[in-house]
Amino acid sequence: MHDAIAPAEPALRAHAWTELSLPTTPAVAARLYRPDRVNAATPLVLFLHGGKFIDGSPDGGDRSARAIADAGAAVLAIAYPRPPAHAFPDGLNAAFEALL
């Protein structure tokens, strides 16, 4: 019997990212990941980390955000407001405002 060998995860490039504070209500922190080449046609992905608007942080989605940037898109990962300080739908509303 042979043990299954898990395939190695592909190495992700270390993308430049910038910490931001978005002027939403309430203000939220965000991280902007940029792909290697950026121009006017570069798509922007609004990345909402997992956690069902009650848990988690952009740190937990860092690998996914980097993978999206590897594919050529800029990624805006926001730290949406969460309970108990903020009730639903504050996080969802902040995500919508981030698009504006």
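Predicted model: local features only at pLDDT ≥ 70, side-chain atom pairs only at ≥ 80, totals over all residues.

Colleague: How much of the protein is buried?

Modeller: Buried residues make up 29% of the 100 residues. The protein exposes about 6700 Å², with carbon and sulfur atoms supplying 60% of that.

Colleague: Let's start with charges. What makes Glu19 and Arg31 a salt bridge?

Modeller: The N to O distance between their side chains is 3.1 Å, and the cut-off is 4 Å. The pair qualifies. Glu19 sits in strand E1 and Arg31 in strand E2, so the bridge ties together parts 12 residues apart in sequence.

Colleague: And what makes Asp62 and Arg31 a salt bridge?

Modeller: The closest N and O atoms there are 3.7 Å apart, and the rule asks for within 4 Å. That one passes too. Asp62 belongs to helix H1 and Arg31 to strand E2, so this pair links parts 31 residues apart in sequence.

Colleague: How many salt bridges does the count come to, and which residues are linked in a network?

Modeller: The count comes to three salt bridges. Glu19, Arg31, Asp62 and Arg66 are linked in a network of them.

Colleague: Why is Arg31 called buried?

Modeller: Its relative accessibility is 11%, and buried means under 20%, so Arg31 counts as buried. Asp62 at 18% and Arg66 at 15% are buried by that cut-off as well.

Colleague: What about Glu19: why is that one called partly exposed?

Modeller: Glu19 has a relative accessible area of 47%. Exposed needs over 50% and buried needs under 20%, so Glu19 falls in between and is partly exposed.

Colleague: How do you know that the buried residues of H1 are on the same side?

Modeller: The buried residues of helix H1, which spans residues 62-70, are Asp62, Ala65, Arg66 and Ala69. They cover an arc of only 100° around the axis, which puts them on the same side of H1. As for partners, the buried residues of H1 pack against strands E1, E2, E3 and E4.

Colleague: What comes just after H1?

Modeller: Gly72, which takes a positive phi of about 110°. Ala73 lies in the loop between H1 and E4.

Colleague: Why is Ala73 called buried, sitting in a loop?

Modeller: Ala73 has 9% relative accessibility and the line is drawn at under 20%, so the residue counts as buried. Leaving aside neighbours within four places in sequence, Ala73 is in contact with Tyr33, Pro35, Thr42, Pro43, Val45 and Ile68.

Colleague: Which residues make up the largest nonpolar core?

Modeller: There are eight: Leu22, Val28, Ala30, Leu76, Ile78, Tyr80, Ala94 and Ala95. Strand E2 (28-33), strand E4 (74-79) and helix H2 (90-99) are the elements that give two or more residues to this core. Apart from it lies another core of six residues, among them Tyr33, Phe47, Val75 and Ala77. In soluble globular proteins, nonpolar side chains tend to be buried together.

Colleague: What does Leu76 touch?

Modeller: Not counting residues up to four places away in sequence, Leu76 touches a set including Leu20, Leu22, Ala30, Leu32, Leu44 and Phe47.

Colleague: Last one: why is Leu100 called exposed?

Modeller: Its relative accessible area is 78%, and exposed means over 50%, so Leu100 is exposed. Leu100 is in the segment after H2. Together with Phe96 and Leu99, Leu100 forms a nonpolar surface patch with about 400 Å² of accessible area.

Key:
Residues numbered from 1 in each chain as written. Heavy atoms only, no water. Core = buried A, V, L, I, M, F, W, Y, C linked by side-chain atoms within 4.5 Å. Buried < 20%, exposed > 50% of the residue type's maximum accessible area, 1.4 Å probe, protein only. Helix = DSSP H or I, 4+ residues; strand = E, 2+ residues; numbered from the N terminus. Contact = heavy atoms within 4.5 Å. Patch = residues over 30% accessible without salt bridge, like charges linked within 9 Å, V, L, I, M, F, W, Y side chains within 5 Å. Areas by Shrake-Rupley, 256 points an atom, 1.4 Å probe, with all protein chains shown as cover. Arc of directions from axis to C-beta.
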